[in-house]
Amino acid sequence: MNILITGADGFIGSHLVDYLIKKNHKITALSYYNSFNNLGWLNGKKNKNLKILSGDIRDQDYCLKITKNKDVIFNLAAIISIPYSYLSYQNCFETNTQGAYNICLGALKNKVSKVIQLSTSEVYGTAEYTPIDENHPKKAQSPYSASKIASDAIADSFHYTYDMDITIARPFNTYGPRQSLRAIIPTIITQMINNKVVKLGNVSTKRDFTHVTDTCRGLYLLMKSKRTKGEVFNIGSTKYYSIKQIFDTLKSITGSNVNLEIDKKRFRPDNSEVQILSCNYNKLKKVTGFAPQISFKDGLRETVKWFRDNPNIYSRHNIYNI
Ligand SMILES: NC(=O)c1ccc[n+]([C@@H]2O[C@H](COP(=O)([O-])OP(=O)(O)OC[C@H]3O[C@@H](n4cnc5c(N)ncnc54)[C@H](O)[C@@H]3O)[C@@H](O)[C@H]2O)c1
């Protein structure tokens, strides 16, 4: 199959490229255009079945071109940092929402057989009940969440209006090698390896973590199944941990004796903070047989090793958004 993956230069996207190449699919991988020829996590990747593009999903003409002759599209390209979304609502909306529209429109015009639109558990807001199933109400507690609720609705509208085969995949927190420092697990690991103190914000929030290989397996199973048209599927593990529990587990894995310092600057606005997310993935299990295969401890050990093996992978500059 000819598969287009947007956001392929990113964390989950680059793992999905690897996963699908191993399954012998032909991949067109979209990286985010920049003038440095930086392909993110696609840098140096070569395979006869991989074609790398550089472009921008905010550009409708461009999306009409890259969606030609594709059987399946995974739309992962997004602005995903919640703190950044407070500062740059417009970029978040144009990329996540307008971008999803551009991809759906391209898929419609070019008769693409199946589109898998990446949503996020953040669309649910703080859990009203756990574990959260796909019928849980949505609550836009951040600009990021709002942009994803809107992109889910756009995907739905293309399905209902044009009978397109669109599936919404809704991963809960994903972690593993190559994740950027804006995510909690890399933030803890890199500080633990390099500093004497780990500075964190709210450590009582609880999240459901899935290893990136399990998330990719879930996405692959959704692609293969004939029973996903117009449906939403959570991808997660059901087990959830507080940030403090993760800090303690990582401390024991790394053998570190660092101290934890609560940094008020890292707190999100009270009503924007999602307190607990826990995934009910029964629907995905029923339709595809999915179950996560990598335990949280094993996944954390592998992730710690990766950050130790790649100490200079992320810039040590202080980078400010404003
Ligand atoms: N990481 C998680 O825990 C998680 C959980 C749920 C859902 N998701 C969803 O999975 C997808 C991938 O997330 P990720 O964690 O790999 O993030 P990521 O930031 O590593 O990847 C997103 C990629 O999108 C690209 N991108 C941004 N703007 C673009 C544009 N205008 N045009 C083209 N490309 C652009 C970026 O270059 C980036 O590499 C996102 O849609 C995200 O909402 C992630």
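In the predicted model, the lining of the second largest pocket draws its largest share, three residues, from strand β9, which spans residues 206-211. The pocket has a volume of about 190 Å³, and 14 residues line it, those nearest its centre being Ser237, Lys239, Ile294, Ser295 and Phe296. By residue class, the lining is made up of seven nonpolar, five polar and two charged residues.

Phe296, one of the residues nearest the centre of this pocket, also belongs to the buried set of helix α10, together with Gly299, Leu300, Thr303, Val304, Trp306 and Phe307. Seen along the axis of α10, these buried residues fall within an arc of 160°, and they therefore line one face of the helix. The elements that cover them include strands β7 (173-175), β9 and β11 (240-242), along with helices α6 (184-194) and α8 (243-254). Helix α10 itself comprises 14 residues, 296-309, and extends 20 Å between its first and last C-alpha atoms, close to the 20 Å expected at 1.5 Å a residue.

The loop between β10 (232-235) and β11 contains Gly236, which is counted as buried because its relative accessible area is 0%, under the 20% limit. Beyond its neighbours within four places in sequence, Gly236 is in contact with Phe172, Asp208, Thr210, Cys279, Tyr281, Phe290 and Pro292. Gly236 and Asp71, by contrast, are separated by 165 residues in sequence and by 26 Å in space, as taken between their C-alpha atoms.

When neighbours within four places in sequence are set aside, the contacts of Leu42 are with Ala8, Asp9, Val17, Ala29, Ser31 and Ile52. The C-alpha atom of Leu42 is 6.5 Å from that of Ser14, although the two residues are 28 apart along the chain.

A further buried position is found within a helix: Thr97 forms part of α4, residues 89-109, and has a relative accessible area of 4%, so that it is classed as buried. Apart from neighbours within four places in sequence, Thr97 is in contact with Cys92, Ser147, Ala150, Ser151 and Ile154.

Backbone geometry was also examined at several loop positions. The peptide bond that leads from Thr130 to Pro131 is cis, with omega near -10°, and Pro131 is situated in the loop between β5 (114-118) and α5 (143-162). Positive phi values occur at Asn24, where phi is about 70° although the residue is not a glycine, and at Arg178, another residue other than glycine, where phi is near 80°. Asn24 is placed in the loop between α1 (11-22) and β2, whereas Arg178 is placed in the loop between β7 and α6. The solvent accessibility of the two residues falls into separate classes, Asn24 being exposed, with a relative accessible area of 61%, and Arg178 being counted as buried, at 15% relative accessibility.

Note on methods: Residues numbered from 1 in each chain as written. Predicted model: local features only at pLDDT ≥ 70, side-chain atom pairs only at ≥ 80, totals over all residues. Heavy atoms only, no water. Contact = heavy atoms within 4.5 Å. 1 Å grid on protein atoms, 1.4 Å probe; cavity = no way out; pocket = protein on both sides within 12 Å on 5 of 7 lines; lining within 4 Å. Points joined across faces, edges and corners; volume = space filled by probe spheres on them. Helix = DSSP H or I, 4+ residues; strand = E, 2+ residues; numbered from the N terminus. Nonpolar A, V, L, I, M, F, W, Y, C, P; charged D, E, K, R; others polar. Expected span 1.5 Å × (residues − 1). Buried < 20%, exposed > 50% of the residue type's maximum accessible area, 1.4 Å probe, protein only. Arc of directions from axis to C-beta.
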